[in-house]
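Trainee: Could we go through this structure together? I would like to begin with the charged side chains and then move to other parts.

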Amino acid sequence: MLRRATVVLVNQVRLNTTSLTRSFASASGTTAGKQEKWDLYAGVLVERLPIVSKEFNALEKEFQEYLWRVEFEKSLKSDSELQHERDLKQAELLKRGQVDLDEAASKQTAQDLKDAYTEELNKFEKAPRTTADDKANNVLSTNRCLDDTLYLLVEQTVGPKKHFLLPQGPRLEGETMRQAAERIVREKCGDQLDLLFYGNAPCGFYKYKYPSAARDQSVGAKVFFFRASLKNGNVDKNVSKNFAWMQKDVLSSKISNERYFESVQKFLF
């Protein structure tokens with residue numbers, strides 16, 4: 001009797017397992033059949049890095065002066081200071097007549113060198129930290145905001161409207177995402193930009209869906225961003241007339257899509 005009950009229980013478990021497996025297989029097949037297709041896009045964050053250091057604020061200047069004072073107090077005398085002391089002793093001996101006047105006059109003293117260096121320093125003029133493009137607010141130029149990072153935005157058509165975005169475009173068949181990124185920069189900005197790409201791995205990601213009327217085979221685009229720094233050159237105005245080099249804190253004034261701006265902001269330094 002016990003054996004018969006065991007056989008019935010085993011058969012019931014097998015039946016339930018088979019039914020559950022078929023249910024999962026059916027559900028998996030249905031999901032795979034409805035899987036959405038997305039277009040792959042490559043984008044490039046082109047940055048012009050700072051050319052000069054930022055000016056110190058009041059606290060930083062005070063701390064710098066403190067460090068200089070500590071270094072001066074703990075430092076040994078330099079060769080020039082030691083030479084100046086020897087020159088003073090030589091001058092004292094000269095007054096006493098213990099040194100030949102012609103021999104002493106032919107020597108260049110440390111004070112003579114200091115006076116010559118000071119005169120040369122006074123003639124030196126520092127380059128201005130602000131340029132003519134700063135005063136004109138010329139966003140097409142990279143010769144501005146020298147102590148800050150500038151990011152490149154290019155006007156592109158997305159759907160029926162034009163937007164200022166990071167250079168981006170679709171990946172072609174057979175391309176790696178890095179190759180697509182390099183090609184897209186040339187297509188959107190011309191050949192005058194000399195860029196240094198930081199690597200083959202994307203630094204950011206963004207996706208968006210196409211309008212319902214524009215969905216043919218794909219529901220939207222997935223954009224993988226690569227980072228590159230500007231070594232030389234600028235955007236070719238014959239290729240793209242509407243572009244801008246913008247600081248981080250004013251990017252939102254050009255980028256109208258809030259979700260896109262939030263995604264980009266995550267990988268800005």
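**Salt bridges, surface and strands**

Mentor: Arg-129 counts as partly exposed, because its relative accessibility is 33%. Please keep in mind that this is a predicted model.

Trainee: Which side chain meets Arg-129 in a salt bridge at 3.2 Å?

Mentor: That is Glu-55, with 3.2 Å from N to O. The pair links distant parts of the chain, 74 residues apart: Glu-55 is in the loop between E1 and helix H2 (58-74), and Arg-129 is in the loop between helix H5 (110-123) and helix H6 (132-136).

Trainee: Is Glu-55 buried or exposed?

Mentor: Glu-55 is exposed, because its relative accessible area is 57% and the cut-off for exposed is over 50%.

Trainee: And what does Asp-147 form with Arg-129?

Mentor: Asp-147 forms a salt bridge with Arg-129, and the closest N and O atoms are 4.0 Å apart. Asp-147 sits in the loop between H6 and strand E2 (150-158), while Arg-129 sits in the loop between H5 and H6, so this pair ties together parts that are 18 residues apart in sequence. Salt bridges with shared partners join Glu-55, Arg-129 and Asp-147 into one network.

Trainee: Changing topic, which residues form a nonpolar patch on the surface?

Mentor: Leu-49, Leu-196 and Tyr-198 form a nonpolar patch, and together they have about 280 Å² of accessible area. Tyr-198 is placed in the loop between strand E5 (194-197) and strand E6 (204-209). At 43% relative accessibility, Tyr-198 counts as partly exposed.

Trainee: What makes a polar contact with the side chain of Tyr-198?

Mentor: The side chain of Ser-229 does, at 3.4 Å. Ser-229 lies in strand E7, residues 220-232.

Trainee: Is Ser-229 buried or exposed?

Mentor: Ser-229 is buried, because its relative accessibility is 5% and the cut-off for buried is under 20%.

Trainee: What does Ser-229 touch, not counting residues up to four places away in sequence?

Mentor: Ser-229 touches Glu-47, Leu-49, Asp-194, Leu-195, Leu-196 and Tyr-198. Leu-49, Leu-196 and Tyr-198 are the residues of the nonpolar patch.

Trainee: On to the strands. How do E2 and E3 pair?

Mentor: E2 and strand E3, residues 161-165, pair in the antiparallel sense over five bridges. They form a hairpin with two residues between them, and Gly-159 in the turn has a positive phi of about 70°.

Trainee: Which residue in E3 is the bridge partner of Thr-157?

Mentor: The bridge partner of Thr-157 is Lys-162.

Trainee: Where is Ile-255 found?

Mentor: Ile-255 is in the loop between strand E8 (243-247) and helix H8 (258-265). It is buried, with a relative accessible area of 5%. Ile-255 and His-163 are 92 residues apart in sequence, yet 7.1 Å apart in space from C-alpha to C-alpha.

Trainee: What is Ile-255 in contact with, leaving aside its neighbours within four places in sequence?

Mentor: Ile-255 is in contact with Leu-153, Phe-164, Tyr-260 and Phe-261.

Trainee: Finally, how many helices and strands are there in the protein?

Mentor: The protein has eight helices and eight strands. Of its 269 residues, 28% count as buried. The accessible surface comes to about 19,500 Å², and 53% of that belongs to carbon and sulfur atoms. Among contacts between residues at least 6 apart in sequence, 68% join residues at least 24 apart.

Technical notes. Residues numbered from 1 in each chain as written. Predicted model: local features only at pLDDT ≥ 70, side-chain atom pairs only at ≥ 80, totals over all residues. Heavy atoms only, no water. Patch = residues over 30% accessible without salt bridge, like charges linked within 9 Å, V, L, I, M, F, W, Y side chains within 5 Å. Areas by Shrake-Rupley, 256 points an atom, 1.4 Å probe, with all protein chains shown as cover. Helix = DSSP H or I, 4+ residues; strand = E, 2+ residues; numbered from the N terminus. Buried < 20%, exposed > 50% of the residue type's maximum accessible area, 1.4 Å probe, protein only. Polar contact = N/O pair within 3.5 Å; in protein donor to acceptor, adjacent residues only side chain to side chain. Contact = heavy atoms within 4.5 Å. Pairing = 2+ DSSP bridges.
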